[in-house]
Amino acid sequence: MKTIYILAAGNVVAGGIISFLDVFSFCNTYWRRMNPGISEDLFHCHVISPDGKPVNTNQGIQVPAIGLEEPEDILNADAVILASAFVTNREEFQHYLEDFTPLFKPLTLFAASEKPLAAYCSGTMMLAASGLLNGRRATTVWWLSEMFERNFPKVSLCLEHLVVSDGHLHTAGATTSNLSLALHIIGLLAGEQVANQMAKILLISPNRSSQQPFMNMALAVDGHNHRDELVTKIQNWMQQHIQQSFLLDEVADKFAVGKRTLIRRFKKALNETPASYMQRLRVDEAKRLLETTELALEQIVERVGYEDVSSFRKLFIQLTSLSPRAYRQKFNTHACC
């Protein structure tokens, strides 16, 4: 028998917790069917709250939970998962952090055991806030990535992966990536064969490896929430002139600022250079055109300010993990090829 604790606080996302409970419950049924002589469940799951009271979801639903009598009681678990809360802005993040803080002590004790410790979506922000991710690789929900990087610069964020393992710490991306994380934990605790069978039973694709194709700059939190008015003006200008080819010197001249100053302020405000920001803008627009039109790639490349189709294809793959053709097949419901 394996014991799993799901740490939950704040306005938890119900689907995340329930999905875990469902996956491990189905796994128990499969385990008993494959092992008729065994009556004991493979997994015992418990939701743990800071005060032992039920946790409330953002929809007002209460999820039953228990508490830890002593912080050391967390060591009874074979794996611990940090649930996600409903976080869409800085204020909600701060509320979540305040609610979750009482769980940091047992969390740190468990981390020292080097048993599997996992988090997904906004839950990875609590794992980062505990300091346990410092100097490690991790992933998180893509639309909170800028807030994440701003608050936790010591964590190496790897958004190109859906699930990232660094030692005994395992993190996953946006909400439904918890299904991939559940398979990953099953593989760690019960073996890859059991995990593969659960993937088939529950129709969870084991090949979902990246959240990059789903990223959209317009939805990213903090993308325009910095306080540098100059950078905001340039961001808006870039958005309006996406088809225009220009040099960084020309942008600096247009906004009466030195090139080095422009780069420095962009990096401070957005944690990237003007050139990389413009590249992402153009790829985002190309994604929109691939999703909504049947334009040839050559036409799309021209519309987003590029001339070399080959170099743009390489950039597109780098930022989305898919070729333009594969992206269209995945997201354009009217595409015929």
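A salt bridge here is a side-chain nitrogen of Lys or Arg within 4 Å of a carboxyl oxygen of Asp or Glu. With that in hand, a search of the whole structure, a predicted model, finds 8 salt bridges. The views below visit some of them, along with a helix pair.

**View 1. Arg 32 and Asp 41 form a salt bridge.** The closest N and O atoms of this pair are 2.1 Å apart. Both partners are partly exposed: Arg 32 has a relative accessible area of 31%, and Asp 41 comes in at 25%.

View 2. At 13% relative accessible area Glu 146 is buried, whereas Arg 280 is partly exposed at 25%. Look for Glu 272 too: Glu 146, Glu 272 and Arg 280 are linked in a network of salt bridges.

**View 3. Glu 285 pairs with Arg 288 within helix H11.** This salt bridge spans 2.7 Å, N to O. The two residues are 3 apart in the helix, so about one helical turn separates them. Arg 288 is partly exposed, with 41% relative accessibility.

**View 4. Helix H6 (residues 177–190) packs with helix H7 (residues 192–201).** Their axes lie 7 Å apart at an angle of about 150°, which means H6 is roughly antiparallel to H7. The crossing is right-handed. H6 contributes Leu 183, Ile 186, Gly 187 and Ala 190 to the contact, and H7 brings Glu 192, Val 194, Ala 195, Met 198 and Ala 199. These contact residues divide into 7 nonpolar, 1 polar and 1 charged.

Conventions:
Residues are numbered from 1 along each chain as its sequence is written. This is a predicted model: local features need pLDDT of at least 70, side-chain atom pairs count only at pLDDT 80 or more; totals for chains, interfaces and linings use all residues. Side-chain values use heavy atoms; hydrogens and water are left out. Axes are lines fitted to C-alpha atoms, for helices over the stretch in contact, and angles run from 0 to 180 degrees between N-to-C directions. Helices (H or I, at least four residues) and strands (E, at least two) are DSSP runs, numbered from the N terminus. Angles under 35 degrees count as roughly parallel, over 145 as roughly antiparallel, 65 to 115 as roughly perpendicular and the rest as oblique. A crossing is left-handed if the near helix is turned anticlockwise from the far one by less than a right angle, and right-handed if clockwise. Contact means heavy atoms within 4.5 Å. Ala, Val, Leu, Ile, Met, Phe, Trp, Tyr, Cys and Pro count as nonpolar, Asp, Glu, Lys and Arg as charged, and the others, Gly among them, as polar. Buried means under 20% relative accessible area, exposed over 50%, partly exposed in between (1.4 Å probe, protein chains only).
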